[in-house]
Amino acid sequence: MTEKIMIFDSTLRDGEQTPGARLNRKEKLKIAKQLAKLNVDVIECGFPVSSPGEFKAVQSIAQQVKGPIITALARTIQGDIDAVWEAIKDAERPRIHTFLGSSDIHMKYKLQKDPQTLLEMGVEAVRYAKRYTADVQYSLEDATRSDLDYMCRVIEAVINAGATVINLPDTVGYAVPEEYGAMISNIMNRVPNIDKAIVSVHCHNDLGLAVANSLEAIKYGARQVECNINGIGERAGNAALEEIVTGLVIRKDYFQDYRTDVQLDEIYKTSRLVSNLTGIPIPVNKAVIGINAFAHSSGIHQDGVLKNLSTYEIINAELIGGKAAQMVLTARSGRHAVKNELQEMGFVLEETEFAQFFEAFLELADKKKEVFREDLEALMADRLAYAAPTYSLEYLQTVSGSRSIPAAVVKLKKDDEIFVETDCGAGPIDAAYNAIDKITGIEPRLETYNLRGVTEGRDALGEVSIMIQYQDKNIVGRGTSTDIIEASVRAYLNGVNKLLSICHMNGNGHTNGCGCDVK
Ligand SMILES: CC(=O)SCCNC(=O)CCNC(=O)[C@H](O)C(C)(C)COP(=O)(O)OP(=O)(O)OC[C@H]1O[C@@H](n2cnc3c(N)ncnc32)[C@H](O)[C@@H]1OP(=O)(O)O
Ligand SMILES: CC(C)C(=O)C(=O)O
């Protein structure tokens, strides 16, 4: 039997304390809904007394987000606790969270009160919160720099007053794992009524130890872990939720007694949403969700991964809802990776041809940081025999608007022959692509679509780059025009023409082998 570790997400409270991460009501609500999908146990969604906007955001979440416990933070001040309750009272499962510093530093300099007075303030705050709800969490702020005897007295007293969760934060990210584990263990052994509360941990990352400290605390009795998506939070941030829950799963041989109920395949989506809405970028090398977490760049690694993923990957990207391993081609890449990339693009080269190609690749790679598919295509260009039938755009007319069915007329020329087709679609671009498919007789899948302005001003040139997939081939297409619909059509046609050329170069023809059936 495994023991459940409750995941308390504080992205919308401590996470939002990240400088620059301010979220409005709608954004907070959107993230909270996604956190519910991620299936966290508790969502701490704000500090209601701090502003009317914050109050309303917490209230909207409490009213609309079902599933997790909804909580918000209050000082040990009645007005703060009233504000929390007013904001969360409509939640399915409301919890009031109140806190007070317990270290000498906080008591002396910040709160400027003696320890006994503060102990009584804590007890009074819990009693007051209990008038509203049964579920009350009490945090001993700066626990890791607090005197153990004093903490034991506070904890015993607030549990007697009704606290159901006791949180022992490493507020300033000062602890090291062994020491933090010992602190939890001492509290578990010395506080006589500790079994009446859930012990929680909340670790900051000032020394980069937040996740290690949180995992260590679990071993000594913590059954709630407070953490934030992407590890955002005050100063250097908090323990990263994705690292804790993925760590428990990937190292279940070590953490065999514990589990969480987090829906791991929602992690990637949640992480991107939080990054987009807070504007806090995800570092490329961020554990679990950085773009490099599943990218392989050096030849020996790429060769290993192509032979068997487990050689250099301990987490399958799909586990967290992410994209499978990516190969980043650089001057440190080897033949296996380059050949594999070419094959995925649909190019099959003889050994001698490939040897020449690889030399050209290395020459280019020495000049560039990263070699992209477009670069490989350019290197292939002079090797491509464009004997295949190539279509050029002769005429394009599209119809779109709020009350019309999007439609397109496309006229293409191949050699001296003219083809005209019409079709409709989800929009004018889709309609034009459908018409082109009718002419060429193949239906590639549009994998990616990107539009950017190449020049400035209202008459700017738009450049569209797309990736189309057809059978096992992934082809990049590009098109430019001052008309973005035309640029989109040119990009598609560019991709389709390349696809047809590759089929010919590989000797497949278009009526057999590759499966194309081109008119
Ligand atoms: C570790 C953490 O993350 S703690 C949570 C941090 N979050 C926030 O601070 C939320 C955003 N904060 C705010 O909106 C404001 O600071 C407010 C509304 C909370 C308070 O604003 P103000 O009344 O203007 O006070 P200000 O922030 O300047 O000072 C804090 C006061 O609260 C006191 N205080 C701090 N923590 C506590 C506590 N847990 N319980 C009681 N009083 C406390 C301080 O001693 C200080 O009191 P003083 O005015 O008597 O010196
Ligand atoms: C209020 C508590 C939980 C906190 O955020 C901290 O101590 O870091």
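In strand β15, Thr422 is the bridge partner of Val409. Welcome to a predicted model, in which local features need pLDDT of at least 70, side-chain atom pairs count only at pLDDT 80 or more, and totals for chains, interfaces and linings use all residues. Residues are numbered from 1 along each chain as its sequence is written, while chains are lettered from A and ligands numbered from 1 in the order in which they are written.

Let us stay with these strands for a moment. Strands here are DSSP E runs of at least two residues, helices are H or I runs of at least four, and both are numbered from the N terminus; two strands pair if DSSP finds at least two bridges between them.

| Strand pair | Sense | Bridges |
|---|---|---|
| β13 (residues 391-399) and β14 (residues 407-414) | antiparallel | eight bridges |
| β14 and β15 (residues 417-424) | antiparallel | eight bridges |

Leu396 stands opposite Val410 in β14. A hairpin is formed by β14 and β15, with two residues between them, and Asp415 in the turn has a positive phi of about 55 degrees.

Now for the nonpolar cores: sets of buried Ala, Val, Leu, Ile, Met, Phe, Trp, Tyr and Cys residues joined through C-beta atoms within 7 Å, where buried means 20 or more other C-beta atoms, placed from the backbone, within 10 Å of a residue's own. The largest holds 90 residues, and Ile43 and Ile244 have the most contacts inside it. Helix α8 (residues 210-219) gives the most to this core, with six residues. Apart from it lies another core of 41 residues, including Phe347 and Val496.

Notes:
Buried ≥ 20, exposed ≤ 12 C-beta atoms within 10 Å, placed from the backbone.
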